[in-house]
Amino acid sequence: MNLRINKPISTAVLLIVVLVLAFYVVLPKYQQFQGLLTEIGKKEAEFQGKNAYFIEVTSAYRELMLYQDALKKIDTALPDKLSIAPLVDFLYQKGLESGIIVRRISVSKSSSVGVDTNVKEASLNIELFGSYPALVRFLASLEKSSRIIEGDNFSFSVTPPSSTSFMTELTYPISLSIKVYSY
Amino acid sequence: MDLSILYQLKNKKVWWLDTVFYFFIALLLATIFCFLIFYFKISLQEKTMKDLDEKIASIGTAQQKELEKQVAVYQRKIDNFATLLTNHKIPTNVLRLFEEITLPNVWFNTFSLSSQAASIQLAGEAESTTALTRQVSIFDGSVFIKEIIGLSSETAETGRIKFSLTLAINPDIFFQATPEVLPGGIIDTTSPSTSAAFNNYIF
């Protein structure tokens, strides 16, 4: 059997087959290969980034643990919950230490400090009775307290000596409003 | 499609036809080889991708995520604390300033400080008009007092000068470690916090 290949036709068919294979099979595979290469690059970058991030997180946590005392102070200054009872107790105690009488404490509603923070502030109106040096001591003790207490407004009046009363008042009512912060 | 040229070529012996034919066979083989290479490489890459996905998923362990959460909480707390501390006002600075700049012959009987509005409402008495004028000029010269608003005065039955005024204060005073003492010229001032001042009816 003499099988002769028709070379011109075979060449033409080969050309068509090669073109079809190149454009419809090999080229898509090449594109898929390129796409995967890019994807692997991204994934590797993500892996490296995440790895570095968690290494950083772990070292940051270890470093934070070295400052536990400072962190406790921050927790005290800015507690997770506004507890009125210890705060009122603190104010009465500071009043006693400063030599000023805390006559009344009223707590107004707490509100958020800002839009992008979850810190809340609560205002307290305090009615005091005492002398100026005692007030200064009381305010200074609030300013220096581990809890962040903001002295907002305060006012006091003294009745001047008159023809009926020659004595100067050494103690007088003082109204003070403060702010405290919590989460 | 005109295929007559192919039939003409079939009958003729053209020297380059074999070369072209074998070239296309080689090209076909090369194309198949390329396909196989890409197929193999793709399967390898897919495996690499799978491995990477598994590695990425394994990075954040429960313990690491817990640490991350704790660090984030502390970071937020530290940031908030720093902001609050930066804005923490020290109102006693204002009282210290008044102790420094109040003349011994001027007394205040009403004092109302608003740290939010940075203003102080004052009412008091001065020994004389000269004392009041001098006190007002001292207020005017203080770097911590921006403006004197609504000054009113009248002579009291005792002969002293009653006055009231509002001071717009420079908010910087709330953040100073120690308030700046007024420069020179008030050598004879007595702090109202001294016993002499308290025996009078200032504060």
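This is a predicted model: local features need pLDDT of at least 70, side-chain atom pairs count only at pLDDT 80 or more; totals for chains, interfaces and linings use all residues.
1. Overall content of chain B. The secondary structure of chain B consists of six helices and four strands. Along the sequence these elements are arranged as α-α-α-α-β-β-α-β-β-α. Of the 203 residues in chain B, 40% are buried. Among contacts between residues at least 6 apart in sequence, 65% join residues at least 24 apart.

2. Helix packing between the chains. Helix α2 of chain A (residues 68-77) packs against helix α3 of chain B (residues 62-86) at an angle of about 65°, and the two axes lie 10 Å apart. Because angles of 65 to 115 degrees count as roughly perpendicular, α2(A) and α3(B) are described as roughly perpendicular to each other. Their crossing is left-handed.

3. Residues at the helix contact. On the α2(A) side the contact involves A:L71, A:I74, A:D75 and A:A77, which meet B:Y74, B:K77, B:I78 and B:F81 of α3(B). By class, this contact of α2(A) with α3(B) comprises six nonpolar and two charged residues, with no polar ones.

4. B:H88 is located in the loop between α3 and α4 (92-101) of chain B. Its relative accessible area is 14%, so B:H88 is classed as buried, the cut-off being under 20%. Leaving aside residues up to four places away in sequence, B:H88 touches A:E143, A:I148, A:I149 and A:E150 of chain A, together with B:F174 and B:F175 of chain B. As for A:E143, its backbone oxygen lies 3.3 Å from a polar atom of the B:H88 side chain.

Terms used:
Residues are numbered from 1 along each chain as its sequence is written. Chains are lettered from A and ligands numbered from 1 in the order in which they are written. Side-chain values use heavy atoms; hydrogens and water are left out. Axes are lines fitted to C-alpha atoms, for helices over the stretch in contact, and angles run from 0 to 180 degrees between N-to-C directions. Helices (H or I, at least four residues) and strands (E, at least two) are DSSP runs, numbered from the N terminus. Angles under 35 degrees count as roughly parallel, over 145 as roughly antiparallel, 65 to 115 as roughly perpendicular and the rest as oblique. A crossing is left-handed if the near helix is turned anticlockwise from the far one by less than a right angle, and right-handed if clockwise. Contact means heavy atoms within 4.5 Å. Ala, Val, Leu, Ile, Met, Phe, Trp, Tyr, Cys and Pro count as nonpolar, Asp, Glu, Lys and Arg as charged, and the others, Gly among them, as polar. Buried means under 20% relative accessible area, exposed over 50%, partly exposed in between (1.4 Å probe, protein chains only). A polar contact is a pair of N or O atoms within 3.5 Å; within protein, one must be able to donate a hydrogen and the other to accept it, and residues adjacent in sequence count only if both atoms are side-chain atoms.
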